[in-house]
Amino acid sequence: MTIYHIVLFEFKSDLTKEQIQEASEGMVALQEKLMHPVTKKPYVKRWGGINNSPEGRARGMTHGYLCLFENEQDRTYYLEEDPDHKEWVQFVKPFISNAQVVDFVDGVHV
């Protein structure tokens, strides 16, 4: 059961392009640092970048990221225990003015 974890950020407007790039690339690069506590192998697949939707419905969100977890246990570990994720969250918090997160399992609608 793959869990899709969508994270949307609105970076603060007073940041430089370099600060935004560092934070955004850090989110994607985190994939290489996050190791499963048992297998000691990477357990999160992730992609991300700047919003380029022509629809005009981003509501201020400037960047989007997609993370895939193989199961609920991996997502729980990531959110509640993974020390590298916790460290990154503390690093990026000062750069973010708003965030949204949506998780789903494909095909589950109710």
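Predicted model: local features only at pLDDT ≥ 70, side-chain atom pairs only at ≥ 80, totals over all residues.
Residues are numbered from 1 along each chain as its sequence is written. Local features need pLDDT of at least 70 and side-chain atom pairs count only at pLDDT 80 or more, while totals for chains, interfaces and linings use all residues, and side-chain values use heavy atoms, with hydrogens and water left out.

Colleague: Are α1 and α3 roughly parallel or antiparallel to each other?

Modeller: Helix α1 (residues 17–33) and helix α3 (residues 83–92) pack at an angle of about 175°, with their axes 11 Å apart, where axes are lines fitted to C-alpha atoms, for helices over the stretch in contact, and angles run from 0 to 180 degrees between N-to-C directions. Because angles over 145 degrees count as roughly antiparallel and those under 35 as roughly parallel, α1 and α3 are roughly antiparallel.

Colleague: Which element gives the most to the lining of the largest pocket?

Modeller: The elements that give two or more residues to this lining are β1 (3–11), α2 (72–80), α3 and β4 (96–105). With four residues, the element that gives the most is α3.

Definitions and conventions:
Parallel < 35°, antiparallel > 145°, perpendicular 65-115°, else oblique.
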